Amino acid sequence: MKGVFIFLADGFEDMEAIATRDVLLRGGVDVKTVSITEERSVTSSHGLTVQADLTRSEFKAGLNKVKVGKNDVMIFPGGMPGSKNLAADKELMALMKNQYVLGCTVAAICAAPGLVASQLSPLFGKKFTCFEGFQDPMIKKGAVYTPESAVVDGRLITGRGAGHAVNFGLAILRQIKGNEAAEKVKAGLML
């Protein structure tokens, strides 16, 4: 897998997916949304239906054995039941774990750190944040919870919730393109 992808399941949190995508696009990142099904249409937890850039099979067709790095990012928005739907997708979770081992970055926000990113290993000592009430699965694996807006610990990026989606997007942008690019987008957003 090479590139930056936001994985969408029915029930995703609108702001966490759309704001993150917007921040990355403003920063010049070629980010693609991926439906985890064969349907391009995905409906958010608030009833917004979006057309993903790629279906599951289109994404899989683009997978290759090329070495990945920290600038290759798998992004998992929160929302319910979106996070549960992502976490229940065994094939997607196996891909995430494999890509993380190979060197890609995993980014998860809201409930997704607890339901999705908690499936990664090793997590011992990793700092993270998430929506309150979803921290236990990460803590049980030895990760350290902090109630910050967005937390970067190596190749793991986590965000607290919908109100922190822009900061989460900026943290991902900073990882990919550096502080100057993130600060430029931040200034453009008048933050």
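Analyst: Let's start with α7, whose buried residues are Ala165, Phe168, Gly169, Leu170, Ala171, Ile172, Leu173, Gln175 and Ile176. Keep in mind that this is a predicted model.

User: How do you know that the span of helix α7 agrees with what it should be?

Analyst: Helix α7 covers residues 165-177, so 13 residues at 1.5 Å each should span 18 Å. Its end C-alpha atoms sit 18 Å apart, which agrees. Just past α7, Gly178 has a positive phi of about 95 degrees.

User: What makes the Phe5 and Phe59 pair edge-to-face?

Analyst: Searching the whole structure turns up 5 aromatic pairs. In this one the ring centres of Phe5 and Phe59 are 5.0 Å apart, within the 6.5 Å limit, and the planes meet at 75 degrees, which is over 60, so edge-to-face it is. Phe5 is in strand β1 and Phe59 in helix α2, 54 residues apart. Both Phe5 and Phe59 are buried.

User: Why is the Phe7 and Phe76 pair called stacked?

Analyst: The planes of Phe7 and Phe76 are 15 degrees apart, under the 30 degrees cut-off, and the centres are 5.3 Å apart, so the pair counts as stacked. Phe7 and Phe76 are both buried. Phe5, Phe7, Phe59 and Phe76 make up one aromatic cluster.

User: How do you know that Arg155 lies over the face of Tyr100?

Analyst: Arg155 is 4.4 Å from the ring centre of Tyr100 and lies over its face; the distance limit is within 6 Å.

Key: Residues numbered from 1 in each chain as written. Predicted model: local features only at pLDDT ≥ 70, side-chain atom pairs only at ≥ 80, totals over all residues. Heavy atoms only, no water. Phe/Tyr/Trp six-rings, centres within 6.5 Å; stacked < 30°, edge-to-face > 60°. Helix = DSSP H or I, 4+ residues; strand = E, 2+ residues; numbered from the N terminus. Buried < 20%, exposed > 50% of the residue type's maximum accessible area, 1.4 Å probe, protein only. Lys NZ or Arg CZ within 6 Å of the ring centre and 35° of its normal. Expected span 1.5 Å × (residues − 1).
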